Amino acid sequence: MNIDIEHLTTFEYTTACVKCSSDMKVLLVCVYRTGPITDAFFNDINCLLEAVVQRFDYILIGGDFNIHVQRATSHETTQLIEITSSFNMSQSVDVATHQQGGTIDLLFDNSNLIDLKSLKVDMNCSYSDHYPIVCNTHKFSPFAKESKIITYRDLKAVDREMLAQDFLKVVDAVAIGENFCESTKTFFDAIGDALDNHAPVLTKTITHVHTAPWFDSEYKEQRKLRRKAERIWRKSQLAKDRQLFEEIRKETTILAKLKKQQYYRNRIVNKEGDVRAIYHIVNKEMDRKQKNPLPDSENIVALAAEFNKFFVDKIANIRQEMNQTPPTLAQSEKYTSDSETSCILSEFDPCTVSELEDIISESGIKCSPSDFVPTNILKDNIGIFLPTLCQLVNLSLTTGSMDGLKTADIIPNLKGQQLDPNNLKNYRPISNLTFLGKLVERVVLKRLNKHMDANSLHIPEESAYKKYHSTETISIKVLNDLLIAADSNSTTVLLMLDLSAAFDR
């Protein structure tokens, strides 16, 4: 790496930064003194240390200094040790490092990283008159970047017009039969084959790199000016140079703030009207939504099987614990009125392409990883797919079948960050359903709401799973009831019931 130090003429040096963890970086500096030992050499060493100690917490500096530090009383040794000690650097080599004798190859450490017991000099070296210095370190090991294997399609290289034409041929050729599951599979497979011809599934290994997205070339150049001004001031110690450095440092801080503001302002303006996207940006930048933790496991496949067994057994146990005795006729009549028996919904009306367009425009298009096409491809070609999707939705309504659509990508989500991630009871399954399955559900919901509105079947106090009746609605009502009761000096008792897997009860 380049640490941008100018006018160092008395020695050569090479630097490297070793990343050991997300918050630990070690700077390695290799020095070779080329000229005579003068005051300029010690000034250059001082400039080097000033440039790096404020930027790195862990520093190792080694190399051929050609100063005999075994002569503890010499002027050169005393001056070198004084300079390095002022920066909390300690020298670790105390044996001869040259064939002719003398400790002239040195190793400085500012954070006790070197394991002194492991430090040794290889005197059997034959390829140089300087002996190699070998040692181990404490506290850190090289940091491995996060990497994973992903699958993807190179959709940017696809000719969208040619792909649309092939999709149109598939839609015209595929015939929808009477079996819903077979019809959906035939249609999805045909569309998938057409997509594979244009953009086959590829795999590659990627690494995650943290970068500041607002860090551009303008800010980078400003930082260079700030470092240059700081070096000039530290070398001259003049008041005017310090004033210039402070002015440039202030300008750099202001520019960084402006760059951040401009970046995040543009992100939010570009998402104007999309509340979900804005919340996602805010939660991510404020670190409100941490990465979803999972139980400790070395085998991810075994962990998935364990989650699957737990969720399946949970429902089975709940059903087994429930009273399986059917209600008596008298009990059934108690909760059934004549008006309710006269408005039975026996079948669903078929949907139309225009109705599906309205539903999609309200709810949007979002696909799961197991869907027949990616989301952006579906959006571009939704007009081609809609007639066939309409046929499949109507086939599902008439046959009462959802076979093949209830397969979901399930994400186990920890109910609270403070809970134990190794206890499976603390997770709830989040199901990512297919686009066609959600489309059928929205059509059925529309039919049910229409039927319940026409027959006044809605429960007024229910504030969930109804339009304009969210959890916020019920919270306002409960608060209002509490305030009214308090104003009338009445005692209030609030009874709340939390059922495990409530939908299955």
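# A tour of the helices and cores

Start by selecting residues 39-53, helix α1, and residues 75-86, helix α2: the two pack at an angle of about 15 degrees, with their axes 10 Å apart. Axes here are lines fitted to C-alpha atoms, for helices over the stretch in contact, and angles run from 0 to 180 degrees between N-to-C directions. Helices (H or I, at least four residues) and strands (E, at least two) are DSSP runs, numbered from the N terminus. The angle makes α1 roughly parallel to α2; angles under 35 degrees count as roughly parallel, over 145 as roughly antiparallel, 65 to 115 as roughly perpendicular and the rest as oblique.

What you are viewing is a predicted model, in which local features need pLDDT of at least 70 and side-chain atom pairs count only at pLDDT 80 or more, while totals for chains, interfaces and linings use all residues. Residues are numbered from 1 along each chain as its sequence is written, and side-chain values use heavy atoms, with hydrogens and water left out.

Stay with the first pair and show side chains. On α1, the contact is made by Asp39, Phe42, Ile45, Asn46 and Leu49, and on α2 by Glu76, Gln79, Leu80, Ile83 and Thr84. Contact means heavy atoms within 4.5 Å. These residues divide into 5 nonpolar, 3 polar and 2 charged. In this scheme Ala, Val, Leu, Ile, Met, Phe, Trp, Tyr, Cys and Pro count as nonpolar, Asp, Glu, Lys and Arg as charged, and the others, Gly among them, as polar.

Next, select α13 (382-399) and α14 (435-454). Their axes come within 10 Å and cross at roughly 60 degrees, which makes α13 oblique to α14. From α13, Ile382, Leu389, Leu392, Val393, Ser396 and Leu397 meet Phe435, Leu436, Leu439, Val440, Val443 and Val444 of α14. What classes of residue form the contact of α13 with α14? There are 11 nonpolar, 1 polar and no charged residues.

Now select Phe167, Phe187, Val373, Leu378, Phe385 and Phe435, the residues with the most contacts inside the largest nonpolar core, which has 42 residues. A nonpolar core is a set of buried Ala, Val, Leu, Ile, Met, Phe, Trp, Tyr and Cys residues joined through side-chain atoms within 4.5 Å. Buried means under 20% relative accessible area, exposed over 50%, and partly exposed in between (1.4 Å probe, protein chains only). Which helix gives the most to this core? It is α13, with 10 residues.

Centre the view on Phe187. Leaving aside neighbours within four places in sequence, Phe187 is in contact with Val171, Val174, Phe372, Phe385, Thr388, Leu389 and Leu392. Apart from this core lies another, of 23 residues; to find it, select Val29, Leu48, Ile67 and Phe108, which are among them.

Move to Asn426, in the loop between β10 (409-414) and β11 (427-432). Is Asn426 buried or exposed? Asn426 counts as buried because its relative accessibility is 14%. Not counting residues up to four places away in sequence, Asn426 touches Asn413, Leu414, Lys415, Leu419 and Asp420.

Ala485 is buried, with a relative accessible area of 14%. Beyond neighbours within four places in sequence, Ala485 is in contact with Ser490 and Thr492.

Finally, zoom out. The protein has 15 helices and 11 strands, and buried residues make up 30% of its 505 residues.
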